[in-house]
Amino acid sequence: MTDAMTAFLEGTIRTATPLAFAALGETVVERSGIINIGLEGSVIAGALAGLIAAGHGGVWNGFAGAALGGMLVSAIFALFAVGFRSDQIITGTAVSMLALGGTGTFYRLLYGASGAALTTPTLSPTAIPFLSTIPVVGTALFAQPSVTYAVYVLIPVLWWWMYHTHAGLALRAVGENPNATIVAGISPRRVQLIAVLIGGLLGGISGGTLVLAQAGTFAEGMSAGRGFIAIAIVVLGRWRPWGVAGAALIFGAASALQYFFQALGSHLPYQLFLAFPYVLTLVALATARGRTNAPAALGQRTLQTF
Amino acid sequence: MTDDQGDGSLAKGTPVEHGALSGPDASLQLPEREMALRLDAIDKRFGATVALHGAALAVRRGTVHALLGENGAGKTTLMHVAFGMSRPDAGTVIVNGTLHQFRSPSDAITAGLGMVHQHFMLVPAMTVAENVALGGRGRLSLHDVTQRIDTVSQQYGLPIDARATIETLPVGAQQRVEILKALVRNASILILDEPTAVLTAQESRELLQQLRGFVVQGGTVVWITHKLRDALEFADEVTVLRRGETVLHANAADVNEVTLANAMLGTTWTPSSQSAALGVQVKQTVKTSVGQGEERLPTLALHGVAHHDTSPADRLTDISLTVRPGEILGIAAVEGNGQHALLRILAGRLTPTAGTVHIPPHVGFVPEDRHRDALILDYTLAENVELADLGTRRGYIPWIRSRAQATRIVEEYDVRAPGPYAAVRTLSGGNQQKFVVGRELQVGNRALVLENPTRGLDIQATADIQDHIRTARNAGAAVVVYSSDLDEILALADRVVVLYAGRLLTPAPDRDAIGRAMLGLSEQP
Amino acid sequence: MTAHLTLLADILVRATPLILTGLAVAVAFRGGVLNIGADGQLLVGATAAAWVGIVLTPTVGVIALPLALLLGAVAGGLWAFVAAYLRTRFHVLEVISTIMLNFVAVYVVSYLVRGPLQEPTHIYPQTDTIPSAAQLSRLLTSTRLHWGFILAIVLAVGIWWIIRYTAAGFRLRATGANPYAAASAGRIAIRQVTTKAFIASGMLAGLAGAIEVCGVTFALYENLSPGYGYTGIAVALLADLNPLGVIVSGILFGALESGASALQRDANVPATMATVLEATLILLVMAGAYIRARRKNSSALITPSLSITG
């Protein structure tokens, strides 16, 4: 039983890590008033870029490449959504499609049409001394690939930056009432651009995690909608770093649940568990009164109305 | 209310009236060093509309200066220029003796100006401290900000809880936050746009006291308002704008309600001259309905209508009125007194929260914002014709009929358009409006409601629209017209009612009584 | 000659689901509804059609085919209604809810084809082949081209006609073009209009899935839709949301995919290039809209929230 529990918790954290990166990035973006459903594109681009970069310089080089790849995709999104003030939803959809198709194409071209898997060594779990010996949760929380520890650090850092710096205050204000920020001397456009790039960076790292800390290889479409789930996680987490982290855990748990149940000998169809996070999202969105907690100017195309 | 006449500026007892106050001569009367804010010869156009023409303002340091004017006189526009929110086409802005060319509000703030807007520029979901802190740099210490807020609020007597969230605060408190934002940034000149519009009488008095406290400590206040009584009671000096020009600048002690109202409205009514000649002159400006159509059943009727809304500007209380066939009812009101909701209730576009509404199934409605509410700009004239009352239409749409209808409207209403298949966007504003009026009369020729129908139009188009309104009335339609231009209402209407704070008033049918009722000066219930 | 016919048939077969999802997206977008869930609605429709084929044919016999298509459409409409209801009642952004429902649909299919609806030998994750009573007959023998293509064309023309010549159709596009004017000048009940548009959109996508099952695959299996729902967005946008234009752009994309498939076969160029091209096309359309709007200098302040063409 404890073994099943431990495995379940380990699986939870492992699944939650890439979700958390993407969702934290999207939190920053949406706090500035922009919805980026092209996040999926940043994730998949980060995955492929991570694979390629790792082949030329090791795992950490891979993560740097992943971040860059994600940022590049989000830069395209920013050009249209922030620069041209195009419809954010359609732009995001197009960017996701572009990245999904683009990475698939590029991968096949690079590594053969049959998609012969190119592998890369992955980060093995690094156990933190003492902490990882805590019963039940020790290995789950503290014997993970070190990129997970990066998330542990990212959450409080992001929280502090959002609520204890003027930059974070400006970010939040732009997402609520851009008019108010203009008269305070802030440029909403610039804030949104930077936010989108940060979101892309973190989304890329999310994809990099999938490859460099988990699969060890790239597969077309391996992001599997994580970018979209991240958006739901942001809603569930009420656009706050700690809430988002918690929501990511819930979704990680929802995915890891199947192993738990299977270990217990349950015969429920595994698709139920796979679908569960998505259904959970719908329920969460409906009951979270998402609109009332969202940044007031989310999705707004015009910035100045005086 | 002020006793510093030492510089010999304005001789006691003589209000200064000007056609336009501009140029060096006027400013000579107020020495540079005394002036906190000076605007000279400001011109500003928005497209075809002239908002300001040679407007001027001279505000002495250490005074409360009221900027008065009717709707559309240009008060807010002038202050937007002063605060860097708007670039003037011509003219100068001098702050504390230095010439400035503001590119943004930041520049104005740096120069020592602070503005409290009519629609607050606050983030409702954030706290007072966060709102005040907005725009700073580096590490954010809400603790420090809160301390500063406490200091400033004590210094100026502006009680506020820095930890409260804006949306939980009553309007008066929110306004204090706006003021604090400016004071925390060391504003020496405070501009307030209609601050008492959203306050109760008690809150207004408190605000004015707080502003006095600010002035006593060396600050200057410019205060935009249309409330004469407040201006007289609390201001040291007043400037009156009318149609974008400065028409009066005087010490508050040297003017009274009469002079101010006359300056704002452009009349020459004095209490003593109620001679027959004047009576005749006044009656000429308003046609009274002399028993015309009084026997016919009303086309539009409201009984005890009330409307609640989160926005005070859309609240109505106990409205009862009737409009008969063949008459034009004019509604006169200052912006934000409920006319927006009332017109839509009359036109059947809005259901009131209480009361009964008797209107025909099809009422034509010409809204103020035709681009947003009346037309689909990228669609053709024929399509826009079909748009009217589309909600109740069924079945097949024969576009040939729509085209014919559009062509008919174009001819009857003299709309300059390439043809029925031209996109409405390509028409000029005046022609678009003529088209809308024509379309609405086609749909509902029994009743027509118009909201600022000639706003933004040139003289010819304005005259055309007004002619069409009269023609409709003569053909038996019941017409309701609201215009923020009082003269227009007086020229068109057979009967005038006034909306003030959501209630209906029926003043005597002369310009001054109506004007005063609009400003809340009427003694009538 | 035969080679050309075969190629044409291949293109039109590929175009059929794209035309229908393109129609689905066009109808929704025209009404201001961002239905990104055509893929899931398609899958649900395919499932319903497969179910009719496998389970109901013995009972209903000859009407199996029309019933399959009808239930497919209804299923798609219901799937869309979930998102529509969440939108009107709970203000849930339909973009997110429809995408979530896409994923759920995938797992529903996966469960069914590995479980209750799996083919009798229980080896492959798919249903049995549907009986011929539920199959769409061929248009051109020895090709895959089936009557579903004609049905798609007819629907496209019909929808074009409805949008252009009926009050209901005009209400739809007026609401999407300017909901304020629609409500004020048109006195239109915009909530009802958008809900109906959403459902209609789902029905079209569901029908696309039903037609795929009854006309091409004759069975339900995982990965039935290689993203038809998303490609449909590109199809619709390129056609400027015009149903007749959707026919053309659907065929164009069908040709793209046919060519991409051939290129992959013959020249090792990955077929995923097609997706890249489609996405680039969407972005070009948006860039074009931006440039046009800049020239027109349209007042952006009053543009309703969904304004695809600027």
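Which residue of β11(B) stands opposite V238(B)? Keep in mind that this is a predicted model, then find V238(B) and look across: the residue facing V238(B) in β11(B) is A250(B).

Now zoom out to the strands themselves. β10(B) covers residues 237-242, and five of its six residues are buried. Strand β4(B), residues 64-69, pairs with β10(B) in the parallel sense, with five bridges. The pairing with β11(B), residues 245-251, is antiparallel and has six bridges.

Next, have a look at where chain B meets chain A. Here 18 residues of chain B are in contact with 17 residues of chain A. On the chain B side, α3 (105-110) and α4 (128-133) each supply at least two of the touching residues. Sorted by class, that side of chain B has ten nonpolar, five polar and three charged residues.

Last stop: chain C and a pair of helices. α3(C), residues 64-90, and α4(C), residues 94-113, have axes that come within 9 Å and cross at roughly 150 degrees. The crossing is right-handed. From α3(C), the contact uses W79(C), V82(C), A83(C), L86(C) and R87(C), while α4(C) brings E94(C), S97(C), T98(C), L101(C) and A105(C). Split by class, this helix contact comes out as six nonpolar, two polar and two charged residues.

Terms used. Residues are numbered from 1 along each chain as its sequence is written. Chains are lettered from A and ligands numbered from 1 in the order in which they are written. This is a predicted model: local features need pLDDT of at least 70, side-chain atom pairs count only at pLDDT 80 or more; totals for chains, interfaces and linings use all residues. A residue is buried if 20 or more other C-beta atoms lie within 10 Å of its own, exposed if 12 or fewer, and partly exposed in between; C-beta atoms are placed from the backbone. Helices (H or I, at least four residues) and strands (E, at least two) are DSSP runs, numbered from the N terminus. Two strands pair if DSSP finds at least two bridges between them. Two residues are in contact if their C-beta atoms, placed from the backbone, lie within 7 Å. Ala, Val, Leu, Ile, Met, Phe, Trp, Tyr, Cys and Pro count as nonpolar, Asp, Glu, Lys and Arg as charged, and the others, Gly among them, as polar. Axes are lines fitted to C-alpha atoms, for helices over the stretch in contact, and angles run from 0 to 180 degrees between N-to-C directions. A crossing is left-handed if the near helix is turned anticlockwise from the far one by less than a right angle, and right-handed if clockwise.
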